[in-house]
Amino acid sequence: MMSHWIILPVLLPALLAPIIGFVMRHDLTMARIASVAGTIVLVAIAMGLTVSAAGGETQVYDLGNWPAPFGIVLVLDRLSAILVLLTMVLGLAVLIHAIATGWDARGRHFHALFQFQLMGIAGAFLTGDVFNLFVFFEVLLIASYGLMIHGGGRERMRAGLQYVVINLAGSTLFLFALGVLYSSVGTLNMADIALRLQEADPAEAGLIRVAAMLLMIVFAVKAALFPVHFWLPATYANAPAPVAALFAIMTKVGAYAIIRVHTVSFGPGLEATQDIPGTWLFPAAIITIALGALGVLGARQLLPLIAFSVVGSMGTLMIAVAALTPQATAAALYYLLHSTLAAAALFLLADLVLSRRDGQALSPRPAMAQTGLLAALFFGAAIAMTGMPPLSGFLGKLLVLDALRMPGQITWAWSAILIGSLVTIVGFARAGSMIFWKTTPTDAPDESAPETEVAEPRRLTVAELAPTMAILAILGGMSIFAGPVMSFAEDATAQIYDRDGYIAAVLGQQEEG
Amino acid sequence: MTDSSNFLVIIALLPFLGALLPGVMIRAGRTACAWFTAFPTALALLLLLVLAPAVMRGETIHAEIEWLPQLGLTASFMLDGLSLLFAGMILGIGLLITLYARFYLSGNDPMGVFFTYLLLFQGAMLGIVLSDNILLLLIFWELTSLSSFLLIGFWSHLPEGRQGARMALAVTGAGGLAMIGGMLILGDIAGSYKISEILQAGDAIRASDWYIPALILILLGAFTKSAQFPFHFWLPHAMAAPTPVSAYLHSATMVKAGVFLMARMWPALAGTDAWFYIVATTGLVTMVIGALIALFKDDLKALLAFSTVSHLGLLTMLLGIGTPFAAVVAVFHIINHLTFKAALFMTAGIIDHETGTRDINRLGGLRRLMPVTFVIGTIAALSMAGIPLFNGFLSKEMMLDAAHDTTWAGNPLIVAVLATVGALLSVAYSLRFIWHVFFGPVRDDYPSKPHDPPFGMWAGPAFLATLVVVIGIVPAAIVGPLVAVAGGAVIGDAEMPYYSLKIWHGVNAALFMSIIAVVGGLVFLALHGGLNRIWNALPRPEAKAIFDWIVAQVAALSRRVTEASHNGSISRYLAILIVASVALGAVAFGGSGLATPSREMLPVSLPVLAGWLMLIVATGSIVVMHHHRFRALVLIGIIGLMISFGFVFLSAPDLALTQISVETVTIMLLLLALHFMPKSTPRESSGLLKLRDGVIAIAAGGGVGALAYAFMLRDVDTISGYHLENSYTGGGGTNVVNVILVDFRGYDTYGEIIVLGIAGFVIYALMDTLLNGPAARRLRNTDYAQNRSRDRHPLMMVVATRVMMPIAVMVGVYIFLRGHNQPGGGFVAGLVISIALLMQYMASGFAWTQNRQRVEYHALIGIGALVAGLTGAAAWLYNSPFLTSLYGYVELPPIEEFGIGTAFLFDLGVFMTVLGAVMLMLYSLSRIARYAGEPINVDPMDYDPKQAIVDEKGEV
């Protein structure tokens with residue numbers, strides 16, 4: 001019995017978004033209610049799916065009732081389930097933040113685009129078909145572009161153009177890669193690709209290698225890996241902060257795609273393509289860490305600083321991904337969950353800080369209202385991002401380091417991660433001390449100026465603070481319950497490394513159908 | 001777990017739980033706040049005392065909670081002699097500091113925050129000494145760095161506080177990160193992260209190839225934390241913290257963490273040459289340098305800070321010597337240093353608090369004004385100097401004894417001499433502390449009038465001074481058992497050395513060294529004025545300046561690298577992306593690995609050649625003329641058309657149809673958009689840049705061409721055979737392309753129409769934002785001095801488009817209906833109808849057409865996407881997956897029998913979404929037009945002949 005639940009993370013927002021965009025487009029309140037309600041339902045569905053996937057069975061949903069590989073399949077395993085859950089939880093937090101701070105009212109169609117965005121991300125995580133992955137890359141690209149330029153402004157439009165142009169170039173490359181792949185294996189289903197590649201003659205696998213490499217570059221563009229990461233800092237720094245927080249999951253789509261495609265389809269143990277991630281991804285990830293750390297230390301403004309810390313965290317994540325061993329992938333998965341939430345918390349918090357500060361430059365300003373609370377939250381989020389205890393970043397870092405002990409890896413990977421951490425810590429300490437500690441005295445009242453009522457700054461509402469706090473609480477929880485989380489990650493990893501199991505689950509129904 | 005284990009866990013957790021209290025209790029007043037800070041500390045201390053007897057009997061208490069078994073990380077705690085000693089110190093001094101801080105902090109200082117930080121720090125410190133797992137220890141280690149950052153920067157309005165905090169974090173954080181590496185290696189060698197197991201594996205560890213890297217990385221952590229040369233420089237700057245913090249961090253806790261770690265790891269790591277030469281040498285150098293600098297510091301806290309550096313060096317040296325005797329001496333000195341140094345810091349704080357200055361040059365003569373403080377300070381300082389009857393003397397004697405027995409690189413004297421020099425300097429600065437502060441004439445220029453502080457403030461140091469004396473006189477009775485059990489824990493399985501804690505050891509070398517030190521110290525004190533002038537004249541490296549310079553340079557370099565590499569140039573980013581793709585693609589291909597071609601080349605016919613030539617010429621022309629937007633657009637149109645012909649030639653009528661209609665719609669929309677842009681694009685690239693881009697473009701195009709060529713020559717077994725077979729039987733259509741679109745891969749199509757719908761929404765939202773912002777003003781004020789047609793809505797065009805309209809709509813409907821079996825379908829039909837409508841807009845203007853338009857574009861998109869989605873979901877009703885199609889045959893006279901299926905409905909959704917998206921784009925363009933001052937016409941054409949006739953009649 002096929003469970004229709006699998007498609008709901010895609011279908012529900014896909015149905016809700018047009019309704020919000022069409023019926024509710026003149027009434028923001030209605031749109032807000034629908035959007036929040038829809039996202040809550042999505043969180044619930046994602047939880048259900050995660051519980052269901054935790055049983056260990058790879059669940060397959062044949063769209064249109066066509067058997068794989070001829071139709072498109074959705075595949076639910078632990079990995080896709082937990083990522084969908086992460087997306088929806090993050091989405092809910094970001095959505096509440098955007099509503100509480102009024103970001104959603106600064107332009108049109110925020111909620112419709114937001115739902116489409118959730119749909120795109122969920123679709124990318126759930127699909128078992130590489131062309132369908134392309135389609136969902138398109139969905140999430142166009143929706144994210146809309147969200148990115150939400151609210152407008154010169155710098156944002158400029159950065160948005162950069163974002164969409166680079167990513168469209170990536171999409172074009174994706175199509176080329178798929179063309180090459182289809183013309184060399186004749187199928188688009190991930191499991192079927194794996195099956196056919198097992199029979200392929202390594203001596204004649206030139207085109208397959210090209211396809212695998214091009215696909216990796218495409219995913220690396222999404223994952224913001226050197227040398228194709230250049231779009232990220234400006235995009236994240238100029239996007240509306242809640243959108244940047246949501247984008248924290250977008251880079252993970254790239255990381256996920258590499259994990260998925262390079263385990264299931266190209267897989268370790270496949271002679272033709274197995275060296276590609278280790279040879280090329282690994283050094284790229286090292287450089288990415290370095291660039292991220294330098295960017296953090298050299299940042300003049302708060303949002304670019306956070307954006308570069310995201311670059312650095314992607315480097316750390318991808319070092320672990322590049323190793324393509326079960327232990328490293330499990331560590332990567334833990335770190336992925338952590339770094340997504342940490343980046344989101346920082347962006348949400350930065351939004352609150354900037355809402356009561358004159359500009360985002362890292363130079364002294366008069367003390368802001370509620371400094372203590374915001375400083376404490378910033379401290380927590382920065383701890384998470386830089387990988388300090390007690391939040392989950394530290395454990396994530398330890399897990400990644402522990403997984404990279406091979407002779408060729410240890411020196412480079414450990415040096416990069418540890419030195420990168422130090423530089424990032426120094427960068428965040430400088431920024432935090434500048435924002436919260438080094439304040440200029442409030443301007444003395446100008447006698448000659450006409451007297452104006454100085455409005456007491458509005459206190460932050462619970463709804464504004466709750467999303468950031470909730471995310472930090474989750475990070476704390478991931479630290480305390482690191483054992484169970486890591487067990488899940490290990491099970492998920494074991495499942496994706498069980499290629500035969502995956503192939504059997506997806507293609508097994510062929511005979512029945 | 002046993003009760004003791006539970007107690008142990010509770011002790012470790014109490015400060016963290018307690019940290020929640022002060023922030024809340026401050027609302028009940030400062031005293032209440034202090035009480036509620038003291039409460040968790042006192043409770044933990046009480047529980048520790050409950051456990052103490054067992055530990056003193058030689059037992060070790062363990063507690064373990066699973067945490068992250070995959071990593072080997074367990075929340076395991078242990079309490080042995082060493083842990084007991086440190087935990088007692090941390091909690092005991094913590095209590096005294098709480099009391100002291102209650103009186104020290106001013107009303108302006110946020111005391112709740114202070115005590116919260118203090119308890120967090122206390123918890124972190126306690127965690128370090130109680131950990132039975134090195135990864136857990138690492139966690140607490142980093143927590144001390146973080147919480148000390150907060151404590152040192154507590155007075156964040158002072159630049160010294162901020163800088164000192166950051167420096168401490170950077171230095172100790174760096175050490176902590178190095179230690180992460182060291183601990184992970186150590187755990188790997190030992191096969192366990194449990195300290196109790198690592199300590200058993202000392203021989204294996206020392207024999208491992210990885211011993212040296214692990215040792216160096218771990219020692220980096222210990223040395224930075226314990227301020228060993230050359231990492232000592234952060235400690236004096238941490239003095240910017242309020243004095244209670246200094247007293248706590250630099251006597252009992254933070255800086256002792258490094259010493260604790262070396263003591264803890266002593267059985268596993270010590271005993272090798274590497275250990276001796278690294279640790280003992282560093283300690284010795286630090287001891288002398290720290291003491292030397294301390295002698296010339298005028299700030300009381302700076303003097304004490306460097307004396308702390310010196311004494312930490314002493315402890316490090318003792319541990320580094322590697323003999324059990326030296327290790328036990330270290331333990332004894334830890335206790336003694338704690339008592340006198342904490343008392344001295346508090347004394348310095350009292351003096352600062354009461355006189356308003358810590359500058360020795362402005363003090364003196366306080367003996368009579370502050371008698372209580374004088375007594376306490378003098379006792380503690382004499383102990384620091386190592387004068388008999390005070391506890392500092394005892395451990396110093398033993399230290400000198402140990403140093404005397406140590407040979408360094410074959411030289412038996414050097415350690416002893418340097419140790420004596422250190423002791424001598426120690427005497428000098430200690431006596432200077434007493435002499436220059438308390439003795440001498442009473443001055444009349446103290447910043448405020450000095451008097452003894454309230455009892456609460458001197459109670460703590462007085463207690464410690466009492467300990468100094470009592471331990472100094474009857475050491476064995478008071479701390480003998482503790483030293484034995486803690487020392488035993490440090491040296492592990494090694495045999496307990498002979499030592500005795502007593503004042504008189506007889507006439508031995510250490511006694512002579514001690515006498516030299518005291519006499520020399522007195523001489524130095526007498527000569528201090530002159531020495532000071534020499535010292536100040538000497539060039540000395542200023543550590544803070546160097547550190548700041550390094551950080552500033554690295555930050556500036558980072559900024560340069562970042563800003564130069566991320567300069568926002570899209571063309572550069574694209575160039576990098578493309579070069580990387582081409583290069584890596586070529587590398588991946590590796591020059592071989594192709595199957596033999598299985599297809600013949602097709603002959604080139606004349607039409608194909610002509611089309612190919614047009615394609616080449618048009619593409620080449622774009623390269624030349626792309627600055628002229630309009631021409632470029634025309635050329636793009638030609639290219640699109642040629643591609644469509646290519647599809648026709650290659651027997652792909654569906655693709656050709658789609659390509660032509662997409663091309664038409666796109667070109668029309670772009671034409672409309674061109675109106676608002678300058679006629680030509682700016683020339684930005686230099687010749688070299690053009691050359692670079694040209695080369696990249698040719699390489700990329702060549703690469704793609706080569707790939708296409710490679711796979712077009714080869715057959716591959718694909719899944720499309722199945723699609724061809726099942727298109728009619730399973731999908732109910734004979735046009736397999738359409739069946740793939742709406743059935744086999746309907747989910748892709750669903751995604752793609754949503755992309756289109758989103759694009760419509762995005763463009764609408766974007767336009768809305770733009771037109772409500774500054775861009776709208778620019779639009780209004782731009783003078784479009786282009787030659788506008790006098791007849792913008794020409795009669796001929798209006799009439800022609802009206803006539804075309806029904807035909808075009810019929811074509812659209814036809815294409816839509818035949819789609820399932822013949823080339824066509826919802827996507828193309830949507831575009832065709834869009835073209836029909838677009839023509840009306842072009843002919844008669846937007847406003848006129850808009851008034852005759854009853855369906856909203858948002859509605860079209862919304863309903864279209866909903867129809868497609870719901871059609872797919874309808875499959876659930878008969879328990880099939882999303883997008884499963886159903887079809888049947890309907891006979892509807894007079895039309896011949898035709899098939900109808902759910903795919904039809906799905907295609908309808910596609911149709912509507914496409915139409916809606918295109919029209920929404922058009923709508924957005926027309927909004928710009930209105931902002932730009934385009935007149936709104938109410939008539940279908942500018943000159944209406946019918947109207948003219950009416951007018952004529954009217955005139956008649």
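Author: Helix 17 of chain B and helix 20 of chain B cross with a left-handed sense. This is a predicted model, and what follows should be read as a description of that prediction. Helix 17, which covers residues 324–355 of chain B, packs against helix 20 of chain B at an angle of about 155 degrees, and their axes lie 9 Å apart. Because of that angle, helix 17 of chain B counts as roughly antiparallel to helix 20 of chain B. On the side of helix 17 of chain B, the residues that meet the partner helix include Phe325(B), Ala326(B), Val329(B), Phe332(B) and His333(B), while helix 20 of chain B contributes, among others, Asn391(B), Gly392(B), Leu394(B), Ser395(B) and Met398(B).

Leu389(B) is placed between helix 19 (371–385) and helix 20 (391–404) of chain B, and it has a positive phi of about 85 degrees although it is not a glycine. With a relative accessibility of 47%, Leu389(B) counts as partly exposed.

A second pair in chain B can be described in the same terms. Helix 28 (residues 606–625) and helix 29 (residues 629–649) of chain B pack at an angle of about 155 degrees, with 9 Å between their axes. That angle is over 145 degrees, so helix 28 of chain B is roughly antiparallel to helix 29 of chain B. The crossing of these two helices of chain B is left-handed. Among the residues of helix 28 of chain B that take part are Val608(B), Gly611(B), Met614(B), Leu615(B) and Ala618(B), and those they meet in helix 29 of chain B include Arg631(B), Ala632(B), Leu635(B), Ile636(B) and Met642(B).

Packing also takes place between the chains. Helix 11 (residues 275–298) of chain A and helix 26 (residues 543–565) of chain B pack at an angle of about 115 degrees, and their axes are 7 Å apart. Helix 11 of chain A is therefore roughly perpendicular to helix 26 of chain B. This crossing between helix 11 of chain A and helix 26 of chain B is left-handed. The contact is made by Leu291(A), Leu294(A), Gly295(A), Leu297(A) and Gly298(A) from helix 11 of chain A, together with Val554(B), Ala555(B), Ser558(B), Arg559(B), Val561(B) and Thr562(B) from helix 26 of chain B.

Ile217(A) counts as buried, because its relative accessibility is 5%. Leaving aside neighbours within four places in sequence, Ile217(A) is in contact with Leu173(A) and Val228(A), and also with Leu577(B), Ala580(B), Ser581(B) and Leu584(B). Ile217(A) is 10 residues from Pro227(A) in sequence, and their C-alpha atoms are 9.5 Å apart in space.

Pro227(A) itself lies in the loop between helix 8 and helix 9 (231–238) of chain A, and the peptide bond that joins Phe226(A) to Pro227(A) is cis, with omega about 0 degrees. Chain B holds a cis peptide bond from Phe229(B) to Pro230(B), with omega near 0 degrees, and Pro230(B) is found in the loop between helix 10 (211–225) and helix 11 (234–237) of chain B.

Two individual helices complete the picture. Helix 10 (residues 241–265) of chain A has 25 residues and reaches 36 Å from its first C-alpha to its last, close to the 36 Å expected at 1.5 Å a residue, and it bends by about 30 degrees at Phe247(A). Because 25 of the 25 residues of helix 10 of chain A are buried, this helix is largely enclosed by the rest of the structure. After helix 10 of chain A comes Gly267(A), whose phi is positive, near 55 degrees.

Finally, Leu324(A) sits in the loop between helix 12 (302–323) and helix 13 (326–355) of chain A. Its phi is positive, about 50 degrees, although Leu324(A) is not a glycine, and with a relative accessible area of 13% Leu324(A) is buried.

Key:
Residues numbered from 1 in each chain as written. Chains lettered and ligands numbered in written order. Predicted model: local features only at pLDDT ≥ 70, side-chain atom pairs only at ≥ 80, totals over all residues. Heavy atoms only, no water. Helix = DSSP H or I, 4+ residues; strand = E, 2+ residues; numbered from the N terminus. Expected span 1.5 Å × (residues − 1). Bend = angle between axes of the 7 residues up to and from the residue. Buried < 20%, exposed > 50% of the residue type's maximum accessible area, 1.4 Å probe, protein only. Axes fitted to C-alpha atoms, helices over the stretch in contact; angles between N-to-C directions. Parallel < 35°, antiparallel > 145°, perpendicular 65-115°, else oblique. Left-handed = near helix turned anticlockwise from the far one by under 90°. Contact = heavy atoms within 4.5 Å.
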